[in-house]
Amino acid sequence: MRGVPLALADVGGLVGAEAEDARHPHREREVLVADRTALRSRIKSLLATQGVRLKSIASNFGEGVAGIRDARGEPLGPCLQGRLVREAERLAVVEAQIERI
């Protein structure tokens, strides 16, 4: 078959448009779950650089960033606080999208 990727040619033809469309929610959810995992890991890693360890990240994490103290008991720097809030906002968006699928 000319112009058809080998993976599709081997199964005997193209998948129907409806079948392909039905796969999109699952694929999108997989991407979003991977994004959520990456965001949570990034937040934990940023905190770990300051000696802060979290087991989980609450849905209202962004609201409490100002109260987080580093390993010496000092508040986090304003740039790091801002980044953590933005990462938490991204996480909230991804979690909301996962719920909608």
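The bend at a residue is the angle between axes fitted to the seven residues ending there and the seven starting there. The legends below describe a predicted model.

**View 1. Helix H2 bends at histidine 24.** The bend at histidine 24 is about 30 degrees. A proline, proline 25, follows within four residues.

**View 2. Helix H2 from end to end.** H2 covers residues 17–48, which is 32 residues. At 1.5 Å a residue these should span 46 Å, and the end C-alpha atoms lie 47 Å apart, so the two values agree.

**View 3. Helix H3 from end to end.** H3 runs over residues 78–100 and has 23 residues. From its first C-alpha to its last, H3 reaches 33 Å, close to the 33 Å expected at 1.5 Å a residue.

**View 4. Helices H2 and H3 pack against each other.** On H2, the buried residues are Leu32, Leu39, Ile43, Leu46 and Leu47, and they pack against H3. On H3, the buried residues include Leu80, Gln81, Leu84, Glu87 and Ala88; Leu91, Val94, Glu95 and Ile98 are also among them. The buried residues of H3 pack against H2.

**View 5. The largest nonpolar core has 17 residues.** Ile43, Leu47, Phe61, Ile68, Leu76 and Leu84 have the most contacts inside this core. The elements that give two or more residues to the core are H2 and H3. H3 gives the most, with 6 residues. In soluble globular proteins, nonpolar side chains tend to be buried together.

**View 6. The surroundings of leucine 47.** Leaving aside residues up to four places away in sequence, leucine 47 touches Val52, Leu54, Phe61, Ile68, Leu76 and Leu84. Leucine 47 is one of the buried residues of H2.

How values were computed: Residues numbered from 1 in each chain as written. Predicted model: local features only at pLDDT ≥ 70, side-chain atom pairs only at ≥ 80, totals over all residues. Heavy atoms only, no water. Expected span 1.5 Å × (residues − 1). Buried < 20%, exposed > 50% of the residue type's maximum accessible area, 1.4 Å probe, protein only. Contact = heavy atoms within 4.5 Å. Core = buried A, V, L, I, M, F, W, Y, C linked by side-chain atoms within 4.5 Å.
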